[in-house]
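Biologist: I am new to this structure and would like to know what stands behind the terms used for it. Please show it first.

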Amino acid sequence: MSDETRHDESNSGEERELTHVDERGNVQMVDVGAKPDTRRRAVARGTIHLSESTVGAIRDDQIGKGDVLATARIGAIQAVKHTWETIPMCHQIPITNVDTEFEVADESVTLTVTVGTTGKTGCEMEALEGVTTGLNVVWDMVKAAEKDDDGQYPGTKITDVEVVTKEKETVE
């Protein structure tokens, strides 16, 4: 591959021009100014695995730092609104809605974040930022309960972070 032409091979094996790299190989933000505004919605989800006793303490509001899920909800929403500041090629977009939903199981908490916007670019990165930050807030809130005798977290982990859906609808 030459320095003048940079390509990306997608999963289909086809070559595509890289959208965030100029002809000299410098990283650049894509100009979306000419794109029409569209309603967009993205849903992302992820899970934090915890001990059964920690999940019980979350349910019973017995975690010393406070209400774990309420704090994680605030963290997730805040992360959604600030994604453009932490992911270099993300545009600052108008967030029209953020929904957070927690599913508390015996040994895990799953967070689903739904983000809505009307604009020129999608909001899946915002949904992913909401999920990962929300789950990191859960971890931070429960870390005293999750530590073993050596101060480690042998069973605590965040898994299955994914974009569940991404939708786009032209605004008329």
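Modeller: Helices (H or I, at least four residues) and strands (E, at least two) are DSSP runs, numbered from the N terminus. Alanine 57 has its place in helix α1. This is a predicted model, in which local features need pLDDT of at least 70 and side-chain atom pairs count only at pLDDT 80 or more, while totals for chains, interfaces and linings use all residues. Residues are numbered from 1 along each chain as its sequence is written, and side-chain values use heavy atoms, with hydrogens and water left out.

Biologist: Why is alanine 57 called buried?

Modeller: Buried means under 20% relative accessible area, exposed over 50%, and partly exposed in between (1.4 Å probe, protein chains only). Alanine 57 has a relative accessible area of 16%, so it counts as buried.

Biologist: Which residues is alanine 57 in contact with, leaving aside neighbours within four places in sequence?

Modeller: Contact means heavy atoms within 4.5 Å. By that rule, alanine 57 is in contact with Gln62 and Ile63. A C-alpha distance is a separate value: alanine 57 and valine 142 are 85 residues apart along the chain, and their C-alpha atoms are separated by 9.0 Å.

Biologist: Which residues of helix α1 are buried, and which are exposed?

Modeller: Helix α1 covers residues 52-59, and Thr54, Val55, Ala57 and Ile58 are buried there. They are on the same side of α1 because they cover an arc of only 160° around the axis. The arc is that of the directions from the helix axis to the C-beta atoms. Glu52 and Ser53, on the other side of α1, are exposed.

Biologist: What do the buried residues of α1 pack against?

Modeller: Their packing partners are α2 (68-81), β4, β5 (108-119) and α4. After α1 comes aspartate 61, whose phi is positive, near 55°.

Biologist: What makes threonine 159 count as buried?

Modeller: The relative accessible area of threonine 159 is 19%, and therefore it is buried. Threonine 159 lies in strand β6 (residues 157-170). Residues up to four places away in sequence aside, threonine 159 touches Gly46, Thr47 and His49.

Biologist: How do you know that threonine 159 makes a polar contact with aspartate 160?

Modeller: A polar contact is a pair of N or O atoms within 3.5 Å; within protein, one must be able to donate a hydrogen and the other to accept it, and residues adjacent in sequence count only if both atoms are side-chain atoms. The contact of threonine 159 with aspartate 160 joins side chain to side chain, at 3.1 Å.

Biologist: Where does UniProt place the feature "binding site"?

Modeller: The unreviewed UniProt entry places it at Met89, Cys90, His91, Met125 and Glu126. These are spread over 38 residues of sequence but cluster in space, with a largest C-alpha distance of 12.2 Å. UniProt positions are given in the numbering used here, feature names are shortened, and annotations may be inferred rather than shown by experiment.

Biologist: Why is cysteine 90 called buried, and why glutamate 126?

Modeller: Cysteine 90 has 13% relative accessibility, so it counts as buried. Glutamate 126 is at 3%, so it counts as buried. Cysteine 90 is in the loop between α3 (83-86) and β4 (95-104), whereas glutamate 126 is in helix α4 (residues 124-146).

Biologist: How many helices and strands does the protein have?

Modeller: There are four helices and six strands. Buried residues make up 35% of the protein's 172 residues.
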